[in-house]
Amino acid sequence: VIFCVASLVVLFCADIVGVVAPRAYASSQPILLILVTASMVYSFNLISDTALLYHRRPKISAAVSVAGAVTSVILGLWLIPRYHLYGAAVATLGGFAGMTGAGHFLAYRVTRLSFAGRMLLALAAIGALAAFSWWLQQLALPYGWLLALKVLVAIALCASVYRFYGNEGK
């Protein structure tokens with residue numbers, strides 16, 4: 001579900017910023033893309049967190065969360081003065097990535113299950129979709145055509161994800 005939501009936000013990023021923010025914020029699209037990616041990375045942490053809690057390792061789970069927060073703060077202190085909002089977004093992404101990586105490593109040691117390949121594939125797909133969305137914006141198509149093309153891509157993407165994961169339990 002989070003992949004489809006993140007995909008839609010990435011695909012319609014320019015439209016979302018145009019609707020919810022004044023024109024002066026049009027350049028904030030990359031920040032939104034970084035934060036959407038950070039949200040996806042955070043959602044991946046829920047897998048390892050659940051596994052650690054299920055196997056009665058709440059202290060490890062809490063330590064991973066604290067380490068992620070500390071990482072985010074350290075990155076924020078370093079990046080925000082130099083890069084402002086971009087630095088804050090990257091610091092958030094870095095903290096979530098560190099937390100997720102550590103959590104998955106520790107959960108793997110307990111469960112011997114890893115979903116890292118699927119998570120990296122999902123992140124690569126979001127990156128490719130962001131590049132595609134940016135390319136579409138550069139084509140300077142009429143807005144109606146651009147919107148129709150994005151809707152078709154969104155439908156195809158969500159249908160593909162449903163088809164892939166919907167048959168997994170059968």
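Author: Helices here are DSSP runs (H or I, at least four residues), numbered from the N terminus. This is a predicted model, where local features need pLDDT of at least 70, side-chain atom pairs count only at pLDDT 80 or more, and totals for chains, interfaces and linings use all residues. Residues are numbered from 1 along each chain, and side-chain values use heavy atoms, with hydrogens and water left out.

Our pick is helix H5 (116–138). Its end C-alpha atoms are 33 Å apart, which agrees with the 33 Å that its 23 residues should span at 1.5 Å a residue (the expected span is 1.5 Å times one less than the number of residues).

Several H5 residues are buried, including Met 119, Ala 122, Ile 126 and Leu 129; buried means under 20% relative accessible area with a 1.4 Å probe, protein chains only. The buried residues of H5 pack against H1, H3, helix H4 (58–111) and H6. Just after H5, Ala 140 takes a positive phi of about 55°.

A pocket is an open set of points on a 1 Å grid over the protein atoms alone, with protein on both sides within 12 Å along at least five of seven lines, and lining residues have an atom within 4 Å of a point. Among the lining residues closest to its centre are Arg 118 and Ala 122. H6 gives the most to that lining, with 8 residues.

How values were computed:
On a 1 Å grid over the protein atoms alone, a cavity is a set of points where a 1.4 Å probe fits but cannot get out, and a pocket is an open set with protein on both sides within 12 Å along at least five of seven lines; lining residues have an atom within 4 Å of a point. Helices (H or I, at least four residues) and strands (E, at least two) are DSSP runs, numbered from the N terminus. Buried means under 20% relative accessible area, exposed over 50%, partly exposed in between (1.4 Å probe, protein chains only). Contact means heavy atoms within 4.5 Å.
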